Amino acid sequence: MGEGVVSTCRFCDGGCRVVGEAGDDGRLRVAPASPEFPAICPKAAAVDEYRLHPDRLTVPLRRVGERGAGEWERVSWDEALDEIAAKLRAVIDEHGPEALAVAEMPLNIGFGGVTRRLMNALGAVNYTAPTQLCMGNTAQVHRAVYGWFASPDWARADCIVYFGQDRDMQRWPAEYLQLKAALARGATLIEVDPRLTDTARLADYHLRVRYGTDAALALAWINVIIEEGLYDAGFVAAWCVGFDELRERVAAWTPERAAEVCGVDAELIRQTARVYANAACAVIPWGVVADMQVNSTSLLQAQCILRAICGYLNDGENVSGPALGGVVNAQLAAFEMLAPEQRAKQLGQDGPRAHPLLTMCAAALYRDATARAGIPYEPDILGESQACDPSALFAAMRGEGPYPVRAFFAVGNNTVMSYAGQQGIVDAIRAQDLVVVFENWLTPTAQLADYVLPGDMWAERDVLGPEFDVAPVLTASYALREPAGECRGWYEVAKGLADRLGVGDALPWADARELFDWRLAPIGKTFDDLRDGRPVLAEAPARGCFLTPSGKVELASSALATLGHDPLPSYVEPCDPAAAAEPGRYPYVAFAGLRERASYNTNFHQMPTFRAQAPEPLLLINPADAAAEGVADGAWCVVESAYGRVELVARLDDAQPAGSVRVPHGWWKPELPGGLVGGLSAACLHNDGMLMPDAEWNLDPVQGVPGLRGTVRVAVRPR
Ligand code: SF4
């Protein structure tokens, strides 16, 4: 099974296309699907090391003893699903369907839309995914400005602006190859990054801004482009609204003012603005740095405005729009099943923890635009147009919300470690009546579950992707091997629950293949027709049809104004109030970024080959700062914010700007004892979420994304 078959690696979000091969030892190997475009990294070669790992979950487990005690018994699938359905029904009957919350990562389960369809059939609205702080929130700002997500035309790009991206053959290799090709044909690279990264070394211009000040730089670029008349006046006049308000807003953002805020030279700001505006085809590819700041909305909005006023929209950065024809994830989700009174209950739309841009009340603002384009379903771009707010959700799970949330499902999502405010999430999960986790591993989140259900992994499943709606393209991936042990695919589990909960009609397909054929029927295809590995296109709305409320590019966003927020981008200086109250106690600004090559988010620490490359969680610190704190290279140290502490191994690093430290994301040690006594396999000792609170001052006010890069301040000392 599987040799020569096309699949998609999902060990990370790179989504590299691979073909299965049989190794000499009978083990599964994979190779790039296109030998002429070898976008694949060493993690993919570890497919069988992962799939056949002795610690992988391969049977359903039921908790015995106290929650979090780390004691389990094996249970059959039927017993597990019967009991879960009965307990969930009891929660819904007592508290309503809004008392069910789901945190999911569609890439980890190979499905978008299925979980939402089940939830919508039940009337449940509280859904979140990690895309809330990673690309999904970017998509919602793009939507507010020009209606859908803009993707760069790499084949034509002659100027690339990176906000903190550090690409190589282990971190988005496909984009890295495109970057290298663009640079080889003479493209200009502008890198905005406080660190001197390998990618920054390739750059023609490197702006080493102070952490968290990117939005101020972008405002100054807009200022220069408008003041020097470098914008595309024809495009602005024909397609944009809000230009006069924008001009007025950025007038104060001179390069000199931005230079003071960002700590870079004013002339460099002017020069790079001119380079961007005067390019034939400049692109600002997506990067996660912009998603994890308290100024995230403003930074992303400023990036969108730069694309628009310089005339690059649909001429360098393509705004494709949601698909027409072929059933995409949002159409499968069937949001029309939800009654208005249930929608109104979604957490985060209003009240003290309101961050509305990613919620259903924002999605409703685009209804007329969607109807004008003839789209017969409610779009859910990257799973975040219809999401609840995580900080509001976790508060409600702790009993601090407008109503109780009492059942929590984590579906391919290590929730405990994926957001800010880790201890608050642990408390939220512990307060539930029912916790169910669908996973490959006994993760820190799974360690708090009542039932742990063993999920398949990417090489063991068929997928009609992509799992998120970004562009109107459908791709097929085919299973290379049968699922290990008793592992199951998510559709089978979701259908098993739907049948038991009395909403089986919502998931009528016998299996995933039948579902895929149903999704492809409108374009006259079956799942097997896609075996050549080539994507098929669903129809896209006409170019130039911007799906905003006005039908134009909204430089001043009516959606943001309707939601009660500033329609224009701005900059607010990040501030950690506890650190500000005690000057000198927390001397370093913390940056939770620079993802490691040997792991991906919270995964891969259990893989011997990769763990050997990165055995311990590293604090990167400038040598002068390390000397000042008495911290030696390779020594354990304590890193403490006003909200929590972690222990990390110091790595002296000249590339790390003085006055800042980098703390790693996603660190736990699967080999250590689990459960609450073991600190969830050391997740409570090492993970960045212990340092970063989800307090309002550390959240972007519009989207609720946490400031993980440049807000929280820490102290460092030897352990
Ligand atoms: S970059 Fe590596 S781990 Fe990520 S999808 Fe591609 S091959 Fe897989």
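Predicted model: local features only at pLDDT ≥ 70, side-chain atom pairs only at ≥ 80, totals over all residues.
Across the model, the count comes to 49 salt bridges.

## Salt bridges between distant parts of the chain

Glu-467 and Arg-10 form a salt bridge through their side chains, at 2.9 Å from N to O. The pair links distant parts of the chain, 457 residues apart: Glu-467 belongs to the loop between strand S18 (463-465) and strand S19 (473-477), and Arg-10 to the loop between S1 and S2. Both Glu-467 and Arg-10 are buried.

A further link of this kind is the salt bridge between Arg-249 and Asp-566, whose closest N and O atoms are 2.8 Å apart. Here Arg-249 is part of helix H10 (residues 243-250), while Asp-566 sits in the loop between helix H22 (558-562) and helix H23 (577-581), 317 residues away. Arg-249 is partly exposed, with a relative accessible area of 28%, and Asp-566 is also partly exposed, with a value of 34%.

## Nonpolar cores

The largest nonpolar core comprises 138 residues, and Leu-207, Trp-221, Ile-309 and Val-553 have the most contacts inside it. Helix H8 (residues 214-227) gives the most to this core, contributing 11 residues. Apart from this core lies another, of 73 residues, which includes Ala-46, Ala-124, Phe-409 and Trp-667.

The surroundings of Ile-309 can be described in detail. When neighbours within four places in sequence are left aside, Ile-309 is in contact with Ile-222, Ile-225, Ile-226, Tyr-231, Asp-232, Val-236, Phe-243, Leu-246 and Leu-555.

## The three-stranded sheet S1-S2-S3

Three strands form an open sheet in the order S1-S2-S3, with antiparallel pairing. Strand S1 (6-8) and strand S3 (28-32) are the edge strands, each pairing on one side only. Neighbouring strands of the sheet are turned by 50° against each other on average, direction ignored.

Strands of a sheet pair through backbone hydrogen bonds, either parallel or antiparallel. Strand S2 (residues 17-22) and S3 run antiparallel and are joined by five bridges. Within this pairing, Val-19 stands opposite Ala-31 in S3. The loop between S1 and S2 also carries Arg-10, the residue that forms a salt bridge with Glu-467.

## The loop around Gly-70

Gly-70 is located in the loop between strand S4 (61-63) and strand S5 (72-74). With a relative accessible area of 42%, Gly-70 is partly exposed, because this class covers values between 20% and 50%. The C-alpha atom of Gly-70 is separated by 9.7 Å from that of Ala-446, although the two residues are 376 residues apart along the chain.

Terms used:
Residues numbered from 1 in each chain as written. Heavy atoms only, no water. Pairing = 2+ DSSP bridges. Helix = DSSP H or I, 4+ residues; strand = E, 2+ residues; numbered from the N terminus. Axes fitted to C-alpha atoms, helices over the stretch in contact; angles between N-to-C directions. Buried < 20%, exposed > 50% of the residue type's maximum accessible area, 1.4 Å probe, protein only. Core = buried A, V, L, I, M, F, W, Y, C linked by side-chain atoms within 4.5 Å. Contact = heavy atoms within 4.5 Å. Salt bridge = Lys/Arg side-chain N within 4 Å of Asp/Glu carboxyl O.
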